[in-house]
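Open the model in your viewer and keep the sequence panel beside it. The stops below each give a selection and then say what is there.

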Amino acid sequence: MITVDAEPFEFSFDPANTALIVIDMQRDFIEPGGFGETLGNDISHMQRAIGPARDLLDLFRAQGWPVVHTRETHRHDLSDCPPAKRERGSPSLRIGDHGPMGRILIRGEPGAEIIPDLFPAEGEIVIDKPGKGAFYATSLGEILAEREIRSLIFAGVTTEVCVQTTMREANDRGFECLLIEEATESYFPQFKAATLDMIRAQGGIVGWTAPLQALKAAVNE
Ligand code: C5J
């Protein structure tokens, strides 16, 4: 077992049953000129997560531990995008509309792809998810069960939306979840801070959080 100095208390995991899950590090959310920035968001916050997420990926790749990437995407005909989702947000640029990097959040479009720094390596699992949570309407649950994964280490964006939703789904399914603090970001720093607090409140009601260095130190001990 590996034990990480985490909050609200130590997080222990068996590498044989643990995967890294990198949520939605997609060009449209993070890159200059993408969907997120076009809607007026400050992407500089999001870009801070790239280096730490890359370090985390390198750590897992060096150990040969499993890695899962997710993308928030929809089918070309939007049959998996409920109007209730599409009609909120900005009326000028909705999911499926033509944006600066192709159709917004549509599978195969350039903006829906994972940023080059974190691009999935051969053999890593990639999950296209139509919801905010990565378990809803995907095969993630079955894939993790087949591999007997019981602990998940999280990175990605945005902390308070897709990362938190997926952690809550995972927590309800019995996974032990650790979020690496520098490897997740939001357009809104106060939402990130509040989410980290929520996750570890009440004795770790959703899971644990830890700085990247605490994980690296535990792995290299
Ligand atoms: C994600 C979003 N990935 N905020 N999506 O968090 O809509």
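Select aspartate 5, which lies in the loop between β1 and β2. Strands here are DSSP runs of E with at least two residues, helices are runs of H or I with at least four, and both are numbered from the N terminus. The model is predicted: local features need pLDDT of at least 70 and side-chain atom pairs count only at pLDDT 80 or more, while totals for chains, interfaces and linings use all residues. Residues are numbered from 1 along each chain as its sequence is written, and side-chain values use heavy atoms, with hydrogens and water left out.

Aspartate 5 is exposed, at 60% relative accessible area. The cut-offs are under 20% for buried, over 50% for exposed and partly exposed in between, with a 1.4 Å probe and protein chains only. Show the surroundings of aspartate 5: with neighbours within four places in sequence set aside, the residue is in contact with Ala210, Pro211 and Ala214. Contact means heavy atoms within 4.5 Å. For a distance, pick the C-alpha atoms of aspartate 5 and glycine 51, which are 21 Å apart in space and 46 residues apart in sequence.

Stay in this loop and select proline 8, which is placed between β1 (2-4) and β2 (11-13). Which form does the peptide bond from glutamate 7 to proline 8 take, cis or trans? The bond is cis, with omega near 10°.

Next, select valine 157 and threonine 158. A cis peptide bond joins these two residues as well, with omega about -15°. Threonine 158 sits in the loop between β8 (151-157) and α7.

From there, select helix α7 (residues 159-172) together with helix α8 (residues 189-204). Their axes come within 10 Å and cross at roughly 15°. The axes are lines fitted to C-alpha atoms, for helices over the stretch in contact, and the angles run from 0 to 180 degrees between N-to-C directions. Angles under 35 degrees count as roughly parallel, over 145 as roughly antiparallel, 65 to 115 as roughly perpendicular and the rest as oblique. α7 and α8 are therefore roughly parallel to each other. The crossing of α7 past α8 is right-handed. A crossing is called right-handed if the near helix is turned clockwise from the far one by less than a right angle, and left-handed if anticlockwise.

Show the side chains at this contact. On α7 they belong to Thr159, Glu160, Gln164, Met167 and Arg168, and on α8 to Phe191, Lys192, Thr195, Met198 and Ile199. The contact residues divide into four nonpolar, three polar and three charged. In this grouping Ala, Val, Leu, Ile, Met, Phe, Trp, Tyr, Cys and Pro are nonpolar, Asp, Glu, Lys and Arg are charged, and the others, Gly among them, are polar.

Now select threonine 184 in strand β9 (residues 176-185). Threonine 184 is buried, with a relative accessible area of 0%. Apart from neighbours within four places in sequence, threonine 184 is in contact with Ala49, Gly156, Thr159, Val163, Leu179 and Lys192.

The contact is made by Pro52, Asp55, Leu56, Leu59 and Gln63 of α4 and by Leu212, Leu215, Lys216 and Val219 of α9. These residues divide into six nonpolar, one polar and two charged.

Two loop residues come next. Leucine 78, between β4 (67-72) and α5 (83-86), has a positive phi, near 60°, and is not a glycine. Leucine 78 is buried, at 17% relative accessibility. Alanine 137 lies between β7 (125-129) and α6 (140-146), and its phi is also positive, about 60°. Alanine 137 is exposed, with a relative accessible area of 55%.

Finish with the cysteines. How many disulfides are there, counting pairs of cysteine sulfur atoms within 2.5 Å? The count is zero. Cysteine 81 is in no disulfide, and the nearest cysteine sulfur, that of cysteine 162, is 12 Å away. Cysteine 81 is buried, at 6% relative accessible area, and cysteine 162 is buried at 4%.

How values were computed:
A disulfide is a pair of cysteine sulfur atoms within 2.5 Å.
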